[in-house]
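Work through the exercises below with the model in view. Try each task before reading its solution.

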Amino acid sequence: MTPLQGCLLVSALLFAIGLAGAVTRRNAILALVGIELMLNAANLNFIAFWRYGPNPEALSGMMVVIFSIAIAAAEAAVGLALIIAIYRHYRTVNLDEIKNLKG
Amino acid sequence: MTWIAQNLWLIPVLPLAASGVIAVNKQRQRKLAATLAIGSMVLAFLLSLCAFSATLLHHGDNGVFREVAGFNWLQFGGQWLHLDWLLDPLTAIMLVMVSFVSLLIFIFSVGYMEHDENFMRFFCFLSLFAAAMLGVVIANNLLLFFICWELVGLTSYLLIGFWYHKPSAAAAAKKAFITTRIGDLGLLLGMVWLYAETGTLNFYADGHGCLEQSALATMVTHMTAAGMAVSTAIGLLIFLGAVGKSGQLPLHVWLPDAMEGPTPVSALIHAATMVAAGVFLVARVYPLMSAHAPIGAVDIPPSDLAETGITTALQVVTWIGALTAIFAASIAVAQTDIKRILAYSTVSQLGYMMLGLGVGGVAVGMFHLITHAFFKALLFLGSGSVIHGCHEEQDVRKMGGLKKFMPVTFATYAIGMLALSGFPLFFSGFWSKDEILHSAHGWAVSQIPFYLGCAGALLTAFYMTRQVALVFFGNYRGTGVMEQGSDADKSAVQHSNTPSLHHSISAPHESPAVMTVPLVILAVFAVLLGFVGTPAWPWFDGFLNGEPPGFNFSKLTEGGTLGLMLASAAIVFTGLGLGWWLYGKRQRKTAEEPDVLQVAQPAAFRLLENKYFVDEIYDATVVRFNAWAAQFCDFLDRWIWGGAVLLVTWVTLGLSRLYRFTDEFVVDLGFDTSCETLREGGGEISKWHSGRVQTYLRVIGVALVVLVLFLIWGRKS
């Protein structure tokens with residue numbers, strides 16, 4: 001097993017865990033946590049493909065991941081703010097009870 | 001232009017206004033109605049006297065005095081319709097007669113209708129009638145004449161049917177209206193034709209009128225398809241109107257039935273004035289009737305017939321008049337209703353007037369019209385007084401001996417009867433009838449009208465004697481107090497103001513002064529009027545023809561006049577004697593006893609009693625044909641036209657049903673189904689949109705997996 005394969009396996013696992021968390025958790029914060037996990041799995045893939053790719057000298061993968069982490073931070077802030085706003089409105093963060101988006 | 005000719009319109013407008021005011025007032029204001037009606041008639045009478053004196057003043061200036069005034073009524077195309085009125089001797093004499101007789105009858109009506117509930121309505125109609133009749137008299141325009149003529153017909157209808165709750169009165173009113181309509185159709189056609197020929201309906205208009213020389217000259221030369229001069233054809237059409245209104249032979253049936261109306265109405269309308277309107281019409285259009293005399297075809301006696309040409313139209317007038325005179329007089333012999341006897345007598349006398357117009361010209365006919373108006377009004381009012389006094393009994397067989405109960409009525413009635421019979425020398429009827437017979441004797445075409453007229457005169461004297469003998473002589477044959485207690489009680493209450501009622505409740509009684517005074521006045525005129533038209537002093541003739549009258553006793557003996565007078569006097573005495581011998585000397589004992597003539601000649605009497613079955617003949621022919629035509633039209637309407645309409649309806653209905661079906665079950669249903677499906681599908685799909693973000697995520701995840709698997713396997717293959 002090459003190190004790349006190992007990395008990809010970890011990232012795939014991480015993505016699966018994140019997906020499962022995002023899909024199954026009823027608490028909005030935990031769903032957000034799952035989303036973060038999936039995002040970080042993607043970041044791990046970026047790093048892995050850059051490190052074991054054909055051109056590891058250029059810092060391209062690192063750059064992308066740093067941007068991605070910045071975006072993730074912003075996204076987390078926005079997501080948490082949304083959750084707080086939702087909580088204030090509905091007095092709950094249970095996603096099953098928040099279904100106003102339905103048609 | 002005299003003042004009165006300018007303002008002649010006031011005469012008809014005054015009673016018209018009175019009638020209008022009465023019409024809008026309340027039912028109970030009897031005094032107001034009577035005052036207005038009589039007041040307006042007094043004014044109209046005074047104005048008529050002014051008009052009469054104006055014509056007298058200008059009498060004999062140059063030719064006939066004639067003044068026209070009027071106004072433009074309405075414009076059609078480039079032409080104006082004028083409504084003009086005319087003052088000439090004919091108008092003046094009629095105005096005085098109509099307004100005077102109307103006035104007396106109005107006064108009489110106040111007494112006669114005193115207890116009637118619809119007193120106001122009666123006076124409203126009566127005033128309207130007077131207005132229309134005066135309008136007829138003053139009209140210088142055939143259109144105005146026709147309007148007033150129809151108004152007269154209308155009021156006649158309204159007044160015959162005044163007691164419309166009686167079915168017989170309602171039927172009589174209808175009969176009168178429809179029968180006269182036949183004549184009026186002729187008049188209308190004549191009017192239209194006259195307008196087409198001459199372009200004017202004015203009688204006299206400074207040489208442009210339709211009765212003046214230029215218009216007559218064109219009409220005489222034009223020929224119709226049948227080879228008859230246009231003037232004759234128009235004259236005959238107009239005469240048809242006169243036949244209807246004056247109850248001449250084929251159309252006389254309505255006049256006796258018209259006696260269903262109140263007696264003053266019978267006196268005013270169906271004896272004195274309206275029925276004379278037909279005679280007046282012929283007199284008015286006399287120039288038209290007499291135009292185109294065949295020159296040299298006949299030798300005209302110099303005395304009376306100098307102006308008279310004998311045209312076809314005048315011959316028709318003469319024959320119809322003569323036949324009507326004898327026909328109606330013979331019917332009157334066998335009647336038992338006091339008013340019907342007088343009605344047939346009226347028809348007969350109208351026949352005399354027509355005869356007079358036909359053979360002798362305007363003056364002869366008009367003279368009898370005027371004298372007849374007075375004595376016939378007198379007779380009718382007298383009969384009204386009798387009927388009033390006998391508690392609404394009209395059957396002469398149930399009267400008798402009234403001489404001692406009603407002396408004033410008897411005296412005046414006797415004068416009227418003698419005048420009508422033509423009792424020599426002292427009564428007006430003698431002079432006027434004698435003049436007619438004299439003219440008929442001199443008629444160049446045939447002597448038959450003269451003999452018919454003589455026979456009619458004999459019958460007239462006979463039936464009047466019969467009537468007077470039955471009503472006033474002998475013993476009272478009316479029903480006693482026991483049989484009609486309730487009626488008698490009622491009339492006792494009604495007539496409690498009459499003095500002669502103390503001895504017996506149901507005995508006949510004299511009428512109040514308001515009714516007897518007009519009788520006396522009329523009686524005076526019935527006597528005196530004759531003297532303005534004697535052969536010795538033919539003032540009336542001269543007045544109408546614009547010639548100065550001469551006083552000449554020798555005329556009495558000239559030209560066979562004296563012989564004729566003696567002959568007619570002999571005829572009258574024969575009639576009177578015969579009547580008295582049959583009815584006066586040997587009075588009937590009871591009301592049910594058969595008539596003397598009935599015993600002697602049952603078949604002839606039956607024929608006369610049933611008025612020659614004219615009504616029955618009309619029933620069997622005209623009325624039945626009419627009913628048949630109506631039924632035919634009904635059939636056409638119901639089945640042919642109605643069927644066509646029904647067919648169209650059905651087709652339309654079927655088509656619309658089809659449309660409805662396609663609409664409901666094809667178009668709508670398809671549309672509805674697709675809409676429903678779409679809506680339901682949307683509903684189904686919208687269920688997926690649960691609003692649960694995690695479900696969406698799950699689906700995305702599964703889809704991702706499926707996509708990945710698809711890519712992997714897709715690449716492999």
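Residues are numbered from 1 along each chain as its sequence is written, while chains are lettered from A and ligands numbered from 1 in the order in which they are written.

**Exercise 1.** Describe the make-up and overall form of chain A.

Solution. Start with the elements, which are DSSP runs numbered from the N terminus: helices are H or I of at least four residues, strands E of at least two. Chain A has three helices and zero strands, and the order from the N terminus is α-α-α. Next, take the radius of gyration, computed over C-alpha atoms, and the globule rule, 2.2 Å times the number of residues to the power 0.38. For 103 residues the rule gives 13 Å, and chain A is well over this at 17 Å, so it is more spread out than a compact globule. Along the principal axes, its C-alpha atoms fill a box of roughly 50 × 25 × 25 Å. Last, count burial: a residue is buried if 20 or more other C-beta atoms, placed from the backbone, lie within 10 Å of its own, exposed if 12 or fewer, and partly exposed in between. In chain A, 11% of the 103 residues count as buried.

**Exercise 2.** How many residues of chain A are in contact with chain B, and of which classes are they?

Solution. A contact requires C-beta atoms, placed from the backbone, within 7 Å. Eleven residues of chain A meet ten residues of chain B in this way. Helix α1 (residues 3-24) of chain A gives the most to this side of chain A, with three residues. For the classes, Ala, Val, Leu, Ile, Met, Phe, Trp, Tyr, Cys and Pro are nonpolar, Asp, Glu, Lys and Arg are charged, and the others, Gly among them, are polar. The side of chain A that touches chain B then holds six nonpolar, two polar and three charged residues.

**Exercise 3.** Is helix α4 of chain B largely enclosed or open?

Solution. Helix α4 (residues 89-112) of chain B has 24 residues. Of these, 22 are buried, so α4(B) is largely enclosed by the rest of the structure.

**Exercise 4.** Examine the phi values of A:Arg91 and B:Phe613.

Solution. Most residues other than glycine have a negative phi. A:Arg91 has a positive phi, near 55°, and lies in the segment after α3 (60-90) of chain A. It counts as exposed because it has 8 C-beta neighbours inside 10 Å. B:Phe613 also has a positive phi, of about 55°, in the loop between α26 (602-609) and α27 (614-688) of chain B. With 12 C-beta neighbours inside 10 Å, B:Phe613 counts as exposed.

**Exercise 5.** Where in chain B is the pLDDT below 50?

Solution. pLDDT is the predictor's confidence in each residue, from 0 to 100. Its mean over chain B is 83, and 91% of the residues of chain B reach 70 or more. It is below 50 over residues 293-308 of chain B and over residues 481-505 of chain B. Where pLDDT is low, the predicted coordinates should not be read in detail. The model scores ipTM 0.80 and pTM 0.73.

Conventions
Predicted model: local features only at pLDDT ≥ 70, side-chain atom pairs only at ≥ 80, totals over all residues. Contact = placed C-beta atoms within 7 Å. Expected span 1.5 Å × (residues − 1).
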